[in-house]
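Trainee: I would like to learn how to read a structure like this one. Where do we begin?

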Amino acid sequence: MTKRLLLLPLAMLIALASFSQKITPCGYIIPPRSLTTKFKSVYEAKEVVNHMLDSIKWEENFNLREQNGMQNAYATIISGRRWIVYDNNFLEDIDEYAKTKWASMSIMAHEMGHHYYNHMVSNRGSTIPSEIEADAFSGYVMQKMGATLEQSLAAMMAIGTERASSTHPAKADRLTAITRGWNAAKANSNAGSANSGSNTNPGNTGNTGNTGNTGNPGNPGSTQTSPDDDPSWIALYIQSTRDETVQLSDDGKTFQPATIKTGQPFVFKFEIYNYGWLRLRYYNGYRTYKLMHGKDYSILYNRRNKNWTVVEIPD
């Protein structure tokens, strides 16, 4: 009896150590196998997905395929048709590990988000911006279905990876995106109760291609307050006698031009994280600066080395 008590924790530690090393191509830690069965078949999945679609008033544009044994769920296009392929056992394991039925639903909602935003059409594979966008969509759908914020975050809390990869964000950023989508749905619902004609479309829960967007519900750049008066936005000034064009990026990879008018602040928010990147010419190349939400910056010209630099404006 004593030997059993000593060996059991060791066996559990070995199992957990092995489990922690297994990551799906979609950036999820594979949970331990569950002995319970809840999310059982493609028919039950269809029922759940239809409930999700009804909650956001979106007509289905994809098919479902159950494929047990792959320990994953993903969106894809096969022979011109859209699919969400899922491992039933994998979803059951997530529910058991996260201790809530909402966990598997949030995973499916994430995959729906990839089809909603046409991520699969580009053939670029997974990217950090597209994953963030699908995460925000998941949070939006979960709130519309009646899940609490805690329930909406449960799957990512349980199986999200702490560090980012080249294709998937870190857990903290994904939790932020889900929260943003959930809050957008709640705000949308509150507005809808006051205005029956309000838009309930989740299409802007995580738009990543529009730096400086100031009006879409669910977009992290949207606000009820004027951006000029909102301290969470960034104001970018340039010390120049003429308008200058700089390069801004949400993800540090894809940069967009932004024109800053002399004597006027360029007020904006990044779309993915609470920070982003500014790129300026420097000698024969470029220098990249990290900008944080809630901070203001000034772009200055150094007459000695004939280059631009960025300084944070003190509060």
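Mentor: With a cut-off: a residue counts as buried when its relative accessible area is under 20%, and as exposed when that area is over 50%. Keep in mind that this is a predicted model.

Trainee: Is Asp95 buried or exposed?

Mentor: Asp95 has a relative accessible area of 3%, so it is buried. This residue lies in helix H3.

Trainee: Which residues is Asp95 in contact with, leaving aside its neighbours within four places in sequence?

Mentor: Thr100, Lys101, Trp102, Ala103 and Ser104 are the contacts of Asp95 on that basis.

Trainee: What about the loop between H3 and H4?

Mentor: Lys99 is located there. Its phi is positive, about 65°, although Lys99 is not a glycine. With a relative accessible area of 67%, Lys99 is exposed.

Trainee: How do I read the nonpolar core?

Mentor: The general idea is that nonpolar side chains tend to be buried together in soluble globular proteins. Here the largest nonpolar core has 43 residues, and Met52, Met112 and Met142 have the most contacts inside it. Among the elements that give two or more residues to this core are helix H2 (42-56), strand S3 (81-86), helix H5 (128-145) and helix H7 (171-194). H4 gives the most, with 8 residues.

Trainee: What is Met112 in contact with, beyond its neighbours within four places in sequence?

Mentor: The contacts of Met112 are Val49, Met52, Leu53, Trp58, Phe62, Ile84 and Phe137. Apart from this core lies another, of 17 residues, including Ile238, Leu278, Leu280 and Trp308.

Trainee: How do I describe two helices that meet, such as H4 and H6?

Mentor: Look at the distance and the angle between their axes. The axes of H4 and H6 come within 8 Å and cross at roughly 85°. Angles of 65 to 115 degrees count as roughly perpendicular, so H4 is roughly perpendicular to H6.

Trainee: Which residues make that contact?

Mentor: From H4 they are Trp102, Ala103, Ser106 and Ile107, and from H6 they are Gln151, Ser152, Ala155 and Ile159.

Note on methods
Residues numbered from 1 in each chain as written. Predicted model: local features only at pLDDT ≥ 70, side-chain atom pairs only at ≥ 80, totals over all residues. Heavy atoms only, no water. Core = buried A, V, L, I, M, F, W, Y, C linked by side-chain atoms within 4.5 Å. Buried < 20%, exposed > 50% of the residue type's maximum accessible area, 1.4 Å probe, protein only. Helix = DSSP H or I, 4+ residues; strand = E, 2+ residues; numbered from the N terminus. Contact = heavy atoms within 4.5 Å. Axes fitted to C-alpha atoms, helices over the stretch in contact; angles between N-to-C directions. Parallel < 35°, antiparallel > 145°, perpendicular 65-115°, else oblique.
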